[in-house]
Amino acid sequence: MATCLPFGTIPFKPHSPRPAKITCSSTTAQSQLAKQHLLSLISDQDRGLKTQNNPLKLTSIVSAIDDLAALGKDSITTGGSLSATWRLLWTTEKEQLFIIQNASLFGTLTGDVLQVIDVEQRVLNNVITFPPDGVFFVRSDIAVASKQRVNFNDVGLC
């Protein structure tokens, strides 16, 4: 049974020949709600810096990630749609958090933290920008391990 929540209003048309048909995929609606919940949880966590010292928040975020993963358990996430430039919103990865937190020691601030993935070329690049023109770059080779898992090996730092 699907539960659809109204995200807007549907205008009433008294002279329509038949009523409007509203359809909803329960999995899609649940996934969107779970995604919004996760985004809400991480929105004030400064990419994960604040989460390091807040075990309750970490538990809530990990639980939300697990909930979203369960909803997508049958989907393929390692196909061509994975190939893109992804902006880091939150992580527990200690090396990235160290660089984000300590950029000021090098007289700069951290800009975007990106992951550029090309499944076909089997390449993953982690990029941390330091405006106006600095960058920390780690190149990795990737291999699709399953329909939802990509393994990687660091090739080099730039």
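In which loop does proline 132 lie? In this predicted model, in which local features need pLDDT of at least 70, side-chain atom pairs count only at pLDDT 80 or more, and totals for chains, interfaces and linings use all residues, proline 132 lies in the loop between E3 and E4. Residues are numbered from 1 along each chain as its sequence is written, and side-chain values use heavy atoms, with hydrogens and water left out. The peptide bond that leads from proline 131 to proline 132 is cis, its omega being near 10 degrees. Most residues other than glycine have a negative phi, and most peptide bonds are trans.

The protein contains 3 helices and 5 strands, where helices (H or I, at least four residues) and strands (E, at least two) are DSSP runs numbered from the N terminus. Read from the N terminus on, these elements follow the order α-α-β-α-β-β-β-β. Of the 158 residues in the protein, 27% are buried; buried here means under 20% relative accessible area, exposed means over 50%, and partly exposed lies in between, with a 1.4 Å probe and protein chains only. Among contacts (heavy atoms within 4.5 Å) between residues at least 6 apart in sequence, 46% join residues at least 24 apart.

Because domain 1 (26–72) and domain 2 (76–157) both give residues to the lining, the largest pocket lies between them, the domain bounds coming from an automatic or database domain assignment. At least two residues of the lining are supplied by each of helix H1 (26–42), helix H2 (55–71), strand E1 (84–87), helix H3 (94–102), strand E2 (113–118), strand E3 (123–130), strand E4 (134–146) and strand E5 (149–157). By residue class, the lining of the largest pocket divides into 27 nonpolar, 14 polar and 7 charged residues, with Ala, Val, Leu, Ile, Met, Phe, Trp, Tyr, Cys and Pro counted as nonpolar, Asp, Glu, Lys and Arg as charged, and the others, Gly among them, as polar.

Helix H3 has as its buried residues Gln96, Leu97, Ile99, Ile100 and Asn102, and these residues pack against E2, E3 and E4. Within strand E3 is asparagine 126, which is buried at a relative accessible area of 14%. Residues up to four places away in sequence not being counted, asparagine 126 touches Gln96, Leu114, Gln115, Phe136, Phe137 and Val138. The side chains of asparagine 126 and glutamine 115 make a polar contact at 2.8 Å; such a contact is a pair of N or O atoms within 3.5 Å, of which, within protein, one must be able to donate a hydrogen and the other to accept it, and residues adjacent in sequence count only if both atoms are side-chain atoms.

In helix H2, lysine 57 is likewise buried, with a relative accessible area of 18%, and its side chain reaches the backbone oxygen of leucine 41 at 3.3 Å. When neighbours within four places in sequence are left aside, lysine 57 is in contact with Leu41, Asp44, Gln45 and Thr51.

Several loop residues complete the description. Arginine 47, in the loop between H1 and H2, has a phi near 65 degrees, a positive value in a residue other than glycine. Glycine 111, in the loop between H3 and E2, counts as buried at 15% relative accessibility and touches Arg47, Thr129, Phe130 and Pro131, residues up to four places away in sequence not being counted. The C-alpha atoms of glycine 111 and isoleucine 128 are separated by 6.9 Å, although the two are 17 residues apart along the chain. Arginine 122, by contrast, is exposed, with a relative accessible area of 56%; this residue is found in the loop between E2 and E3, and its phi, near 60 degrees, is positive.
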